[in-house]
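Let's take a walk through this model, one contact at a time. Keep the sequence and the 3D view open as you read.

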Amino acid sequence: MGNLIFFMLVSADGYIADAAGDFQWGEPDEEVMAAINDQTRNIGTYLYGRKIYELMSVWETDPSLAEDSAASAEFAEIWTAAEKIVYSTTLTEVTTRRTRIEREFDPAQVQRLKESSAKDLTIEGPTLAAHALRHGLVDEIHMLICPVVIGGGLRMLPEFRIAMTLRDVHRFSNGMVQLSYTVP
């Protein structure tokens with residue numbers, strides 16, 4: 001059975017994007033990118049909302065990203081090889097391989113997917129993750145905290161209580177810190 005992991009880069013004050021939608025303050029360096037690759041190697045399926053899917057699809061549709069560094073090239077390979085499910089009522093077609101659209105988030109279907117998966121799954125985007133958290137589907141939350149306070153914008157975590165147990169802490173030389181929690 002695969003675990004469902006909610007993973008996001010987040011500001012020190014808990015936002016994934018500022019009030020204008022900018023998230024460039026969270027761009028990982030080579031060390032952080034290598035750590036992300038280590039974590040995503042065991043991801044078999046990515047669950048996305050439309051906005052995050054459109055943002056991430058460039059890893060397959062824009063080959064210049066893979067030319068940035070060895071770690072970027074490796075991430076592009078990892079991402080392209082995984083299955084992707086996009087939950088959207090407005091998206092009419094996908095631009096990447098191994099990708100399908102689901103019109104609604106069905107908790108029972110996601111549970112079956114977890115149970116039948118030999119690899120872990122990741123859910124990205126705070127709105128979609130909130131649905132999974134409400135239904136008790138998320139097994140782990142990984143926050144890659146960036147050393148910046150942005151003062152407002154799109155919050156990573158929903159505004160309801162979530163019990164978490166710290167599993168791991170990893171510090172990076174650029175000041176980023178990764179906190180990994182299990183969700184009992």
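Asp-38, Arg-41 and Glu-74 are linked in a network of salt bridges, a salt bridge being a side-chain nitrogen of Lys or Arg within 4 Å of a carboxyl oxygen of Asp or Glu. Arg-41 is partly exposed, with a relative accessible area of 40% (buried means under 20%, exposed over 50%, partly exposed in between, using a 1.4 Å probe and protein chains only).

A quick word on what you're looking at: this is a predicted model, where local features need pLDDT of at least 70, side-chain atom pairs count only at pLDDT 80 or more, and totals for chains, interfaces and linings use all residues. Residues are numbered from 1 along each chain as its sequence is written, and side-chain values use heavy atoms, with hydrogens and water left out.

Back to the charges: the count comes to eight salt bridges. One of them joins Arg-50 to Glu-54, with the closest N and O atoms 2.9 Å apart. These two are four residues apart in helix 2 (residues 50–56), so about one helical turn separates them; helices (H or I, at least four residues) and strands (E, at least two) are DSSP runs numbered from the N terminus. Another salt bridge pairs Asp-139 with Lys-114, again with closest N and O atoms 2.9 Å apart. Asp-139 sits in the loop between helix 6 (126–134) and strand 7 (140–146) and Lys-114 in helix 5 (residues 107–116), so the pair ties together parts that are 25 residues apart in sequence. Both Asp-139 and Lys-114 are buried.

Now for the strands. Strand 4 (residues 83–87) has four of its five residues buried. It runs parallel to strand 3 (residues 43–49), joined by five bridges (strands pair if DSSP finds at least two bridges between them), and Tyr-46 stands opposite Lys-84 in strand 4. Strand 4 also runs parallel to strand 5 (residues 99–102), through four bridges.

Tyr-46 brings us to the rings. Tyr-46, Tyr-48, Tyr-53 and Trp-79 form one aromatic cluster; rings of Phe, Tyr and Trp (its six-membered ring) pair if their centres lie within 6.5 Å, with planes under 30 degrees apart counted as stacked, over 60 as edge-to-face and the rest as tilted. Both Tyr-46 and Trp-79 are buried. The charged end of Lys-84 sits over the ring of Trp-79, 4.3 Å from its centre (NZ of Lys or CZ of Arg must be within 6 Å of the ring centre and within 35 degrees of the ring normal).
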